[in-house]
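I opened my notebook to look up a few things in one structure. Here is what I looked at.

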Amino acid sequence: SLLTFTDSIQQSILTLEHLQKISFGTMVMSDNSPFSMSTMFNALQQIHLSNTRLKRLFNLMTSCEGVGQFKDLISTFDQSQLQKMASLLTSDSEYFMEVVRNKYGSRRVQKLLGVSVDVDALFYDAILQRFFDIMTDKYASYVAIRAVVVFDQVKKHVMYKHVLHYALDIARYQYGCVALNEVIIDADDPLYRNRLLDVVARNALFLSNDLWGNFVVQHVLKLYDLRCTHNVAVSLRGHCVDLSFKKYGSYIVEKLLEAEVSMGMVVVELLKAGSGDRLMRLARSEIGNFVVLKALEVTQKMNRVDLFWDLVQKLMPLRHLLLRSHGSNIANILESCSIANRCSN
């Protein structure tokens with residue numbers, strides 16, 4: 001119940017205060033008297049009591065009950081109580097990680113972020129201490145994402161620097177790529193946002209061939225940032241055909257085809273592949289046919305008649321091979337072009 005939760009937090013806070021007094025008393029004794037077994041025994045008893053309180057606090061922070069009421073509950077706490085609660089939660093790095101790795105623990109900690117400068121300072125230190133682990137965890141990452149939104153500018157900038165430093169490694173994790181994408185969206189500083197986009201664009205080839213990193217490249221292309229899209233296209237120049245044979249790689253190439261700033265570079269590469277049999281193999285493949293089809297569609301839509309007919313001429317001689325393959329839709333476009341030519345003549 002909320003009363004039980006409140007009582008547990010209050011008891012934990014009182015224990016923390018008592019431990020601080022015990023610790024101070026022990027320090028004073030060590031300066032004025034020899035080692036005392038009774039003092040040590042009392043200190044160990046208090047540590048055991050503290051561990052019990054921390055365990056109870058952990059159980060309540062990670063409980064699936066009362067999550068929705070947590071914000072209302074902490075609104076009744078004064079600044080001193082909130083700070084001491086945050087101090088308990090961040091008192092040990094492993095303890096903090098166990099709380100934020102939990103679905104409900106993560107949600108409750110998120111509600112504590114932004115309530116005061118002093119509380120944020122404690123969570124800020126705890127997050128930075130385990131930054132990579134937090135950013136690559138399913139639930140803990142939401143704490144870092146929330147922190148980037150609510151922390152003051154000084155703390156935000158330090159967190160942005162950490163993101164830039166770990167960006168490529170974070171992107172290669174299942175939940176890390178999601179967290180990185182969220183940070184890119186939420187970044188309210190144009191300088192750091194552009195630097196993040198530049199990191200992704202410069203390393204687009206590496207990320208595009210990674211199981212999870214490719215989702216980051218897809219994400220930045222969906223932002224329709226012309227500079228970033230152009231830079232991604234430059235990084236992938238000469239590799240678009242290879243990527244088009246792969247499921248997620250083909251999504252990236254299709255996104256490049258949809259943007260005028262990069263469409264021409266991709267189509268020119270497809271035309272070069274037409275000198276051998278790679279373009280035809282791509283057009284007949286289960287995945288690659290969508291890229292060739294997209295190239296035909298966008299060149300028409302963008303009124304690049306020259307590129308459209310160059311593609312048609314490369315594909316037309318082997319149109320019959322497309323009819324009974326994954327490239328049947330491409331064959332239909334070629335057939336309509338053939339009919340149009342006959343009619344014009």
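My entries go from a helix to the core, then to a repeat and the charged pairs.

**Helix α11.** I noted that this is a predicted model. I checked the length of α11, residues 174–186, first. At 1.5 Å a residue, its 13 residues should span 18 Å. The end C-alpha atoms are 19 Å apart, which agrees. Then I looked for its buried residues. I found Gly176, Cys177, Ala179, Leu180, Asn181, Val183 and Ile184. Their cover includes α8, α9, α10, α12 and α14.

**Core.** Which residues touch the most other members of the largest nonpolar core? They are Ile127 and Val232, in a core of 98 residues. Helix α10 gives the largest share, seven residues. Leaving out residues up to four places away in sequence, Ile127 touches Phe96, Ile134, Val143, Ala144, Ala147, Phe151 and Met159.

**Charged pairs.** Side chains of opposite charge can pair when their charged atoms come close. I counted 14 salt bridges. Glu335 pairs with Arg319, with the closest N and O atoms 3.2 Å apart. This pair links distant parts of the chain: Glu335 is in α23 and Arg319 is in α22, 16 residues apart. Last, I noted a network of salt bridges that links Glu94, Arg130 and Asp133.

Definitions and conventions: Residues numbered from 1 in each chain as written. Predicted model: local features only at pLDDT ≥ 70, side-chain atom pairs only at ≥ 80, totals over all residues. Heavy atoms only, no water. Helix = DSSP H or I, 4+ residues; strand = E, 2+ residues; numbered from the N terminus. Expected span 1.5 Å × (residues − 1). Buried < 20%, exposed > 50% of the residue type's maximum accessible area, 1.4 Å probe, protein only. Contact = heavy atoms within 4.5 Å. Core = buried A, V, L, I, M, F, W, Y, C linked by side-chain atoms within 4.5 Å. Salt bridge = Lys/Arg side-chain N within 4 Å of Asp/Glu carboxyl O.
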